[in-house]
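Please keep the structure in view while reading.

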Amino acid sequence: MFQLGKTIISEDILEKEFVCNLSACKGACCVDGDAGAPLSEAETKIMEEIYPKVKPFLRKEGIAAIEAQGTWVKGTDGDLETPLIDEKDCAYVIFDGKTALCGIEQAYNQGIVDWKKPVSCHLYPIRVKDFTEFAAVNYDKWDICDDACSLGKELEVPVYKFVKEALIRRFGEDWYMELEKVAQELKNS
C-alpha cells in the first residue's frame, strides 16, 4: 500500500494485469453478485435526471425494477447502488446476444446522454471506498474475471492502465500522472 494525495492505494493495481474480455465473460459483472453497482450521492441525482433518456434503451424487466424500486436504492449495508432485477441483474443491463452491456453506456455511445455510466462500473476491477480522511483504492479479484486477468497478462496491461480513463474521471489527470510516476519507480526498483 502507498499514499498518493488523499488516497491509499493497493500496489496490486500497479502489479496485476487486466483487460476486460467480454467475449469470454459475457459481461458477468453486470449480472452476477449480490448488490447493485455502488453509486455516489452525486451519481444518484444524475441517475434520476437521465432515466427518461436512458429508459428506451432498457429491457422491460429493468424498467419494471426501476419503476418499482427507483433509479437507485440503498443496499442492505446502507450504501447507494443501482437497483437489481430479481436480486441478480443490474436493472440497467441490456443484452447483445448473450453478452450483458450497460444501457446507460449505450445511450452515452449514441450521444443521448453525456454521462458514460457509474464510475464504479467504469473503474472495475478497481473498487474505491471513501473514508472521512482518505479514499482506499483496491484491486477487486473476482473469479469471473479470470479471462480478463489472462488477457491482461498476455497483452502486458496493468490494471491502472486498463482503467486510466476511469481513474482520471474519479481522481483527476494530475493524480493519474503521479500514479504513473509511482508505477515507473516501482518498475525500476
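## Salt bridges

In this predicted model, lysine 141 and aspartate 146 form a salt bridge through their side chains, with N and O 2.8 Å apart. Lysine 141 is partly exposed, its relative accessible area being 48%. Aspartate 146 also counts as partly exposed, at 36% relative accessibility.

The count of salt bridges comes to 11. One of them joins glutamate 178 to lysine 181, where the closest N and O atoms are 3.1 Å apart. These two residues both belong to helix H10 (residues 173–188) and are separated by 3 residues, about one turn of the helix. Glutamate 178 has a relative accessible area of 35% and is therefore partly exposed; lysine 181, at 47%, is partly exposed as well.

Four strands make up an open sheet: 4 strands in the order E1-E2-E10-E9, with mixed pairing. Strand E1 (2–4) and E9 are the edge strands, since each of them pairs on one side only. From one strand to the next, the twist averages 25°.

Strand E9 (residues 126–130) and strand E10 (residues 135–139) run antiparallel and are joined by 5 bridges. A hairpin of 4 residues leads from E9 to E10. Within this pairing, valine 128 has valine 137 of E10 as its bridge partner, and lysine 129 has alanine 136 of E10. Helix H9 (residues 164–171) packs on the sheet and touches strand E2 (7–9), E9 and E10. The direction of helix H9 makes about 10° with that of E9.

Aspartate 130 lies in strand E9 and arginine 170 in helix H9, so that the pair, 40 residues apart, links distant parts of the chain. Arginine 170 is partly exposed, with a relative accessible area of 28%.

## Cysteines

How many disulfides does the structure hold? The number is 0. Cysteine 102 is in no disulfide, and the nearest cysteine sulfur, belonging to cysteine 121, is 6.2 Å away. For cysteine 149, the closest cysteine sulfur is that of cysteine 145, at 6.5 Å, which is too far for a bond, because a disulfide requires the two sulfur atoms to be within 2.5 Å.

Are cysteine 102 and cysteine 149 buried or exposed? Cysteine 102 counts as buried at 15% relative accessibility, and cysteine 149 counts as buried at 15%, because buried means under 20%.

Key. Residues are numbered from 1 along each chain as its sequence is written. This is a predicted model: local features need pLDDT of at least 70, side-chain atom pairs count only at pLDDT 80 or more; totals for chains, interfaces and linings use all residues. Side-chain values use heavy atoms; hydrogens and water are left out. Two strands pair if DSSP finds at least two bridges between them. Buried means under 20% relative accessible area, exposed over 50%, partly exposed in between (1.4 Å probe, protein chains only). Axes are lines fitted to C-alpha atoms, for helices over the stretch in contact, and angles run from 0 to 180 degrees between N-to-C directions. Contact means heavy atoms within 4.5 Å. A salt bridge is a side-chain nitrogen of Lys or Arg within 4 Å of a carboxyl oxygen of Asp or Glu.
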